[in-house]
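Morning, everyone. I have one structure to walk through today. Let me put it up.

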Amino acid sequence: MTTVIDGKAVAASVIETVKSATRTLETEAGVRAGLAVVIVGDDPASHAYVSAKSRMAKECGFLSVQHTLPEATSQEELAALVAELNADPAIHGILVQLPLPKHLQSEPIIQSILPEKDVDGLHVVNAGKVATGDLEGGLVSCTPAGAMVFVRRTHGEDLSGLNAVVIGRSNLFGKPMSALLLAANATVTTAHSRTKDLPAVCRNADILVAAVGRPEMVKADWVKPGALLIDVGINRVPALERGEGKTKLVGDVAFEDCAKVASVITPVPGGVGPMTIAMLMANTIIAAYRRAGRKPPKF
């Protein structure tokens with residue numbers, strides 16, 4: 001029988017660990033974890049994401065601070081706010097919601113966040129630490145961190161002897177995912193649009209991770225029988241069966257067919273998606289523990 005991972009349930013268990021760690025830190029060290037979220041402009045999707053993040057931070061027991069800035073905010077004003085939050089000892093995690101309005105440059109802003117407060121894991125220092133295997137010193141970007149929770153819960157901490165294939169080489173997901181699998185001793189192939197005979201490469205994978213943004217690209221005959229299949233894609237496609245003009249979300253994996261071959265598979269929606277906010281909360285409590293000179297919890 002194929003196991004379909006319930007991302008919401010796994011995310012809820014991560015949040016329970018965060019809540020418990022938050023209480024412990026406050027009781028034993030008198031430190032309350034603090035998360036600051038910054039949003040610029042009026043993008044409705046961004047506001048929905050930020051509200052969800054702020055709500056979850058409060059639920060975890062954090063000091064939750066939200067800065068909502070007008071569309072016309074200048075680069076200098078945004079940079080000044082980030083500098084303020086960097087200097088604030090009550091704030092352990094800083095998140096600037098992307099995308100920013102077109103007149104603002106996001107990269108200088110992201111790189112101006114102190115690496116130890118960069119809970120999105122986007123700073124080059126954190127990316128570099130992940131790339132060099134320094135997982136105790138850096139903060140891992142949330143989506144690959146969440147995918148690795150699924151890997152560990154399926155195969156344990158040590159992936160020695162297992163072949164992993166990551167389809168996708170983006171800086172946001174593909175590269176850090178490959179680095180995390182490598183750090184856990186898997187033999188890793190990073191595949192992409194220029195890979196020769198991609199289906200054959202994928203058929204070698206005990207762990208197959210798809211992150212390319214192409215609806216249902218991975219077919220059943222790409223999958224090694226018994227593999228763990230993690231689908232990071234989120235694609236909106238027409239759903240004619242629901243009526244004219246209706247759409248649905250699908251992943252990069254042809255789920256129904258691949259589920260007959262894989263031993264463990266993540267659905268879309270409800271797989272990797274819920275883990276992203278959960279790992280943001282995990283990064284915040286990890287940052288707070290490190291700041292207090294304590295050993296952070298494992299997720």
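Which residues does serine 46 touch, not counting residues up to four places away in sequence? The answer is Ile39, Gln97, Leu98 and Pro99. Contact here means heavy atoms within 4.5 Å.

A word on the source. This is a predicted model, where local features need pLDDT of at least 70, side-chain atom pairs count only at pLDDT 80 or more, and totals for chains, interfaces and linings use all residues. Residues are numbered from 1 along each chain as its sequence is written, and side-chain values use heavy atoms, with hydrogens and water left out.

Back to serine 46. It sits in helix H2, residues 44-59. Helices (H or I, at least four residues) and strands (E, at least two) are DSSP runs, numbered from the N terminus. Serine 46 has 4% relative accessibility, so it counts as buried. The cut-offs: buried is under 20% relative accessible area, exposed is over 50%, and partly exposed is in between, with a 1.4 Å probe and protein chains only.

Leucine 98 and proline 99 are joined by a cis bond, with omega about 0°. Proline 99 lies in the loop between strand S4 (93-96) and helix H4 (106-112). There is also a cis bond between valine 268 and proline 269, with omega about -5°. Proline 269 is in the loop between strand S11 (264-265) and helix H10 (273-291).

Next, helix H7, residues 174-183. Why is H7 described as largely enclosed by the rest of the structure? Because 7 of its 10 residues are buried. They are Gly174, Pro176, Met177, Ser178, Ala179, Leu180 and Leu181. What covers them? The cover includes helices H5 (124-131) and H6 (142-155), plus strands S5 (163-167), S6 (187-191) and S7 (207-210).

Now step off the end of H7. Just after that helix, asparagine 185 takes a positive phi of about 80°. Asparagine 185 lies in the loop between H7 and S6. Its relative accessibility is 44%, so asparagine 185 counts as partly exposed.

Glutamate 216 is not a glycine either, and it has a positive phi of about 50°. Glutamate 216 is in the loop between S7 and strand S8 (228-231). At 34% relative accessibility, glutamate 216 counts as partly exposed.

Some background for these last items. Most residues other than glycine have a negative phi, and most peptide bonds are trans.

That's my tour. Over to you.
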